[in-house]
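Please take each point in turn and find the residues for yourself as you go.

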Number of protein chains: 2
Amino acid sequence: MKEIKTDSDFPGQVVSAIRKVVGTKPAVLHEPSFEGKEWAYLKECLDSTYVSSVGKFVDKFETSLAEYVGVKYAIPVVNGTAALHIALKLAGVKPGDEVLIPALTFVATANAVAYCGAIPHFVDSEEITLGIDVKKLRDYLISITDMRSGISINNKTGRVIRAIVPMHTFGHPSDLDGLLSISKDFNLVLVEDAAESLGSSYKGRHTGSFGLISATSFNGNKTITTGGGGAILTNDEILAKQAKHLTTTAKRPHLWEYDHDEIGYNYRMPNINAALGCAQLEQLPQKLSQKRELYFQYFKAFDSLPGIKLFQEPANCESNYWLHTVVLEETHAQYLKTILEQTNRFGISTRPSWKLLSELTIYQNSPRMSLIGATSLSNRIINIPSSSRLSRGTK
Amino acid sequence: MKEIKTDSDFPGQVVSAIRKVVGTKPAVLHEPSFEGKEWAYLKECLDSTYVSSVGKFVDKFETSLAEYVGVKYAIPVVNGTAALHIALKLAGVKPGDEVLIPALTFVATANAVAYCGAIPHFVDSEEITLGIDVKKLRDYLISITDMRSGISINNKTGRVIRAIVPMHTFGHPSDLDGLLSISKDFNLVLVEDAAESLGSSYKGRHTGSFGLISATSFNGNKTITTGGGGAILTNDEILAKQAKHLTTTAKRPHLWEYDHDEIGYNYRMPNINAALGCAQLEQLPQKLSQKRELYFQYFKAFDSLPGIKLFQEPANCESNYWLHTVVLEETHAQYLKTILEQTNRFGISTRPSWKLLSELTIYQNSPRMSLIGATSLSNRIINIPSSSRLSRGTK
């Protein structure tokens, strides 16, 4: 165990540790890099005039992405929020249902639930994965659910608990075995929010391939980007067809007739964004290797510093290390704000985890279990500069 | 009046008339063209690494677009549907409200209403503008509304009628004086669906600048394109700020804290799409001039053909002529399907107007007035190839 000392220059030592890796120039939290065929594909896309909702890059991106993740179908859409919205709808989430999501996640997870007219039900997170605390959740569900006709009913609200949405925090896979087990025992549809975890795997299988249907993101701050973008992932042919249909205004195929058989969405990823995505996806293995190298560099820099720990991928997992993360020990939690202030003052972009969604006014009436783990983590997590180009000595 | 003859080769004559203008090669309905700085701006965007939700092209597109339309604020978003969704929310449309929209429009107009939890209330269209029949609508509203505390209540459903959404069909401005008058007399918020009418003006003012808040689109099939994209337009500073806030996940500004004070949306237009938009907007005057030239060419080709009329911009309006349109006379309505079949068989992309939204199963329970005008139009309208590059003799 590291020696614990409450050194008043602790924040300065954190700045020094980060600078050992990123140097003295300003470093943003995460920036994209374009080192492959981005220009060539964008030009080809423009020259073809197919820049919009159909085109060869959309087709290619669908195929390449599905192959990479190891699912049968990938449906590119405008962003990860849209992907999760449709994934939840197709998972059968209905107005008035409850959906279990971590309190420690980006607001989009809860918003996608709200777009379905459903209610986010906040669950706790744990230290090993930064994801849902499966053990505590099982005990909680045993105490608050009644099973009626095979459906879990919240015995406090009377509402159906329809689905569970783990989010793989900063790219680290949640406890998927435990989640699959809960999903089965309580008949909850598993929908992965894999917005942050493209390239991460759990026991050799990619995140996003465990849920009945899952969502990922290619926002500008993610490991690879399409400008704005996301994708729905599934192995289920019927759900895949429905996802394509729902995201393309639910228009029935016809050369000229306009017949729409559902209230659909205009969520398709434009071909020009998919062109960028195709080039970026080709570079994903290289970026993952750079991000892993950056992990080792940070590990060395933080190893001798007491009171703080660089977050390491969970056992049996391979993380994409999307956002590198240091976690303060309880003894040093009081330094969080000072560290954020000092690092940002020195041009080192850092940020805490999100404010717990259960604390936002908009979700103040949502049900929740005890969030002791998530609360503690949210007072101790700091993300540090994580761009793949920051790693040195790798290509 | 033209001589009316029911010539069995009438469809063949229509094919010939279109071919006089577009030639014998296949012609799609509408394709984008990139003849300006598209490639330069895309490359600059990529080189800057700012491809996502912020960047100089988003800022420039906001300013240039607002200036072009003559509104104080333009907020670029992922598409026209998203723009209309947020415009309606900010217009005060609440779950359970009714919103007046034409039955003769693309499904997105109704879907945006449905996303607000509101109910589309279908109104009739007329021959002069292809937009809302203002005279008939006034009589209808007098008969079905009660004014209570200054709010129009549908006396059949008991629901509030909150807003009216004219759609400027194929780019032709609706009767905006009449609509403003109805908006005032019945206290209905005017929200323009200007998805098709960028570049069109009514009595010298651009469409999209009459509503309290309006929406436009830059989909690939529109006069100018951003791949996928749209924008919210308004002169109201508070609404503009709310629109920006709501479309960027409703996050309160802070360097690192995540506080979201509303259920927001991830609707921002990425910088890379805005880069395309900046280049396209610079070419809009040229494209409008080419589309007008194409109108004159079609006019000559169809002038001598009885039973069919090329649609002409309404009086006091300047249309963008987004989609050129022929309207069959009642005597020739029976040829609609054959003309669609023959033209498409010859590689000439044509399409009818949309199926009336009131006829879609998803909206079968929505209230509606008599739709005699819209029904007749929907049986007689054919859009013909309209790409700006089809015009000859212009630059």
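1. In this predicted model, helix α11 of chain B, which covers residues 336-345, has as its buried residues B:Ile339, B:Leu340 and B:Thr343. When one looks down the axis of α11(B), these buried residues fall within an arc of 100 degrees, so they line one face of the helix. As background, an α-helix has 3.6 residues a turn, and therefore residues three or four places apart point the same way.

2. Just after α11(B) comes B:Gly347, whose phi is positive, at about 80 degrees.

3. How many residues does each chain bring to the contact? Chain A gives 52 residues and chain B gives 52 residues. On the side of chain A that touches chain B, the elements that each supply at least two residues include α2 (38-48), α5 (107-115) and α11 (336-345), and the largest share, five residues, comes from α2(A). Sorted by class, that side of chain A has 22 nonpolar, 20 polar and ten charged residues.

4. Chain A can be laid on chain B with an RMSD of 0.0 Å by a turn of 180 degrees and a shift of 0.0 Å along the axis; the two copies are thus related as by a two-fold rotation axis. Among the residues of chain A, A:Val78 comes closest to the rotation axis, with its C-alpha at 3.6 Å.

5. Finally, 100% of the interface residues of chain A are also interface residues in chain B, so the copies meet through the same surface.

Note on methods: Residues are numbered from 1 along each chain as its sequence is written. Chains are lettered from A and ligands numbered from 1 in the order in which they are written. This is a predicted model: local features need pLDDT of at least 70, side-chain atom pairs count only at pLDDT 80 or more; totals for chains, interfaces and linings use all residues. Two residues are in contact if their C-beta atoms, placed from the backbone, lie within 7 Å. Helices (H or I, at least four residues) and strands (E, at least two) are DSSP runs, numbered from the N terminus. Ala, Val, Leu, Ile, Met, Phe, Trp, Tyr, Cys and Pro count as nonpolar, Asp, Glu, Lys and Arg as charged, and the others, Gly among them, as polar. A residue is buried if 20 or more other C-beta atoms lie within 10 Å of its own, exposed if 12 or fewer, and partly exposed in between; C-beta atoms are placed from the backbone. The arc is that of the directions from the helix axis to the C-beta atoms. Copies are superposed by least squares on the C-alpha atoms of residues with pLDDT of at least 70 in both.
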